[in-house]
Amino acid sequence: MDPATGPSSPVTAPDSAGPARRPRDVIPLREATRAWFAISLQTFGGPAGQIAVMQRMLVDEKRWIGQQRFLFALSYCTLLPGPEAQQLATYVGWLLNGVRGALIAGVLFVLPGVVALLVLSGVYVAFGDTTLVESLFLGLAPAVIAIVVQAVVRVGRKGLGHPALVALAVASFVALTAFGVPFPAVVLAAALIGWVLARRIPTLTAPPKVAADAGPPPLISDDQLHTERPSGRRAATTLVVGLLAWFVPVAVAALLFGRSSIFVDQGVFFSGAALVTFGGAYAVLAYVAQQAVEVYGWLAPGEMVRGLALAETTPGPLIMVVQFVAFVGAYRAPGDLDPWVAAVVAALLTTWVTFVPCFLFILLGAPYVERLRGNRGLAAALAGITAAVVGVIASLALFFALHTLFDDTSRLAAGPLDLEYPVLGSLDVPSLAITALGCALVFWRKWSVLRTLGACALAGIVLGLALAA
């Protein structure tokens, strides 16, 4: 037990008059802020690792929230578009300290990653064509393929509990890779199909059973956690403030730089992407990569996997890779601004429009969250989306493999068929070897993401410098 947070520690609790008179903060705000800052420095390795960090610190060590309440908050966050780990932090922050707690927890969760990736993006732009940096990415990019394949396996094991969902995942993969169906259309169709299937297959959405006594007993009971009475006035106020915070910076960019500027394009595009990020960053990145590379030309095909490699090495949600996309794109098309100023402005604007919706969804929906418990319609739609996400992540792995392992690709277009395939003679043997190393470390040795990236980066540097010598 953490002596600083044991039963003898002062914990704000309701007085004898009942919940109506309980103080605003369940945990002193300063103490909670320190805890969220400590968590923010450990959020490596994707959502699974981030959720595990919060589980260990908040449930097991500090015991500020019970296991069942933590899992229910997580289940609510998985219903939302956006990074579920960051939203879980925001939601638990709200339970402990109200709106202030939600804002502090959510901001601190992403702040170290924003700063770190901003620095790494600058290093990439300034030194990306040097032998050392190219050798580094020779190792990192193939490692990302192994990590994305691991994500396919993990999400598939968790979400494909019925043959019908497996078929839906395969259909989603084929629709994306062979027919070029837009990602949002795949997600919406999967939600509808999941809802229809659940009406015919009652066991489709059966949740995994969790032991009622899982985890240590919390120091703070559920009825002591922060709550607010739902009301139309509160919801309207939250919605208006949230929408203004979301879109005013984009409007300001339009006034300062023009409606056709790259800042407006990125602000509008990533605002839309924030609404369809069901299933985590890997799911939406196939869509982001396709648009950023083929439609807007912000990146070259191989650079998307490099950005994801950098995002994997920083704390915070992996969706932070959109900051890299915006930084590089604006640096190369700065308009009338200095390229470095344009890159920083674009990166910060994109980060803003990506994460403000996460706060809006939590603060708007938290008072109503109990009404979502046991909603079979939402559970059915989520099951369909989860199945589609497996296919989407698989298509992302294929996209990365094509543009990392091969120097050239061709496209087969015939009617609705639109399939990109590799030119076999352009196979990059060193990248293939490091991909095999990454897969061996992830699936055979069970190494963590950071450890795998480190080993592959070292292999890439050694191999790259040897080839350049």
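Colleague: Before we start, what are the ground rules?

Modeller: It's a predicted model, so local features need pLDDT of at least 70 and side-chain atom pairs count only at pLDDT 80 or more, while totals for chains, interfaces and linings use all residues. Residues are numbered from 1 along each chain as its sequence is written, and side-chain values use heavy atoms, with hydrogens and water left out.

Colleague: Why is threonine 404 called buried?

Modeller: Buried means under 20% relative accessible area, exposed over 50%, and partly exposed in between, with a 1.4 Å probe and protein chains only. Threonine 404 has 10% relative accessibility, so it counts as buried. It's found in helix H15 (residues 376-405); helices are DSSP runs of H or I with at least four residues, strands are runs of E with at least two, and both are numbered from the N terminus.

Colleague: What does threonine 404 touch?

Modeller: Leaving out residues up to four places away in sequence, threonine 404 touches Ala141, Pro142, Ile145, Val305, Asp428 and Ser431. Contact here means heavy atoms within 4.5 Å.

Colleague: And leucine 256, what makes that one exposed?

Modeller: Leucine 256 sits at 62% relative accessibility, so it goes down as exposed. You'll find leucine 256 in helix H8.

Colleague: Which residues form the nonpolar patch on the surface?

Modeller: Val240, Leu244, Val248, Val252, Leu256, Phe257, Val341 and Val345, with about 650 Å² of accessible area together. Helix H8 (232-257) and helix H13 (339-365) are the elements giving two or more residues to the patch, and H8 has the largest share, 6 residues.

Colleague: How do you know that S1 and S2 pair?

Modeller: Two strands pair if DSSP finds at least two bridges between them. Strand S1 (residues 409-414) and strand S2 (residues 417-422) are joined by 6 bridges and run antiparallel, so by that definition they pair. Arginine 411 stands opposite glutamate 420 in S2. The hairpin has 2 residues between the strands, and glycine 415 takes a positive phi near 65° there.

Colleague: Which residues other than glycine have a positive phi?

Modeller: Among them are arginine 63, at about 60°, and lysine 446, near 60°. Arginine 63 is in the loop between helix H2 (46-61) and helix H3 (67-78), and lysine 446 is in the loop between helix H16 (429-444) and helix H17 (449-468).

Colleague: Are those two buried or exposed?

Modeller: Arginine 63 has a relative accessible area of 14%, so it's buried. Lysine 446 is at 62% relative accessibility, so it counts as exposed.

Technical notes:
Patches are made of residues with over 30% relative accessible area and no salt bridge: like charges are joined within 9 Å, nonpolar side chains (Val, Leu, Ile, Met, Phe, Trp, Tyr) within 5 Å. Accessible areas come from the Shrake-Rupley method with a 1.4 Å probe; for residues, only the protein chains shown count as cover. A salt bridge is a side-chain nitrogen of Lys or Arg within 4 Å of a carboxyl oxygen of Asp or Glu.
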